[in-house]
Amino acid sequence: MGDRLGQGAHATVYTAVHKPSGKSVAIKVVNKTIRMRDRQKALQALQRESSIITKLKHPHIVHIYEYIDSEKAAYFVMELLTGGELFDKIVEKGSYTEQEAAMLIKKVLSAIQYLHSQNIVHRDLKPENLLLRSKDDVSEICIADFGLSKIVGQATMMATACGTPSYVAPEVLNATGYDSEVDLWSVGVITYILLCGFPPFYGDTVPDIFDRILKGKFDYPADYWDSISSEAKDFVNKLLVIDPTARMTAKEALNHKWLTS
């Protein structure tokens, strides 16, 4: 085990070296002994995450080499990504060029299309859960953190309110049941942020943000968007649609002229 890379409420990520090969990896250590509000629920979520991510194989999804469970902790041994969070890169750059944003979103969508083909919905897509492979390439991205992911059956609709306020889809807030379309809404929000540096839905309080999301109320401030192409705005418009059945699927988004031109 090496240096600490980051820490959350119940988990810490370290660098590590695989002794036989000398390969550098990252290890997410989930502490199972700390007090939790709902311990059983937390352990079920952990088992769900391990069952999901150990099956996934895609170039733009963080690769998990091994999952090790013990009485006091659970360990996810995964590939080491050294570029940091996309969130930090956005803060550093201010915003992406259209070409950079399109290249990045195309890779995210290919991963989402793969997830959806496996009947998996991520449910918490945001720049903090998108990791760059290296600091040198702003578009080499991987989806990480599957703590809120869920495997859905053919006719299953999810009704758990989850996600992060600025990125959550209106159907989640309505609590009427939702499906894989929530991930595409999040892609719309992420694309908007990449192109201008701030989110489409904002407010002084979380209820204010939710109110704007439920109304689908956002605009394109001239100072930031006048130089952005109409294709990019059309791409965002077709993702930030209140009716999930009218929202682009991952396949349709990948075929949109903003990404193909």
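The questions below go through terms and the values behind them.

Modeller: This is a predicted model, in which local features need pLDDT of at least 70, side-chain atom pairs count only at pLDDT 80 or more, and totals for chains, interfaces and linings use all residues. Residues are numbered from 1 along each chain as its sequence is written, and side-chain values use heavy atoms, with hydrogens and water left out.

Biologist: Why is D183 called buried?

Modeller: Buried means under 20% relative accessible area, with a 1.4 Å probe and protein chains only. D183 has 0% relative accessibility, so D183 counts as buried. The residue D183 lies in helix α5 (residues 181-196); a helix is a DSSP run of H or I with at least four residues, and a strand is a run of E with at least two.

Biologist: What makes the link between D183 and H116 a polar contact?

Modeller: The term needs a pair of N or O atoms within 3.5 Å, and within protein one must be able to donate a hydrogen and the other to accept it. The side chains of D183 and H116 are joined at 2.9 Å.

Biologist: How do you know that β1 and β2 pair?

Modeller: Two strands pair if DSSP finds at least two bridges between them. Three bridges join β1 to β2 (residues 11-18), and these strands run antiparallel. Q7 has T12 in β2 as its bridge partner.

Biologist: What makes β1 and β4 edge strands?

Modeller: The open sheet has five strands in the order β1-β2-β3-β5-β4. Both β1 (4-7) and β4 (64-69) pair on one side only.

Methods:
Buried < 20%, exposed > 50% of the residue type's maximum accessible area, 1.4 Å probe, protein only.
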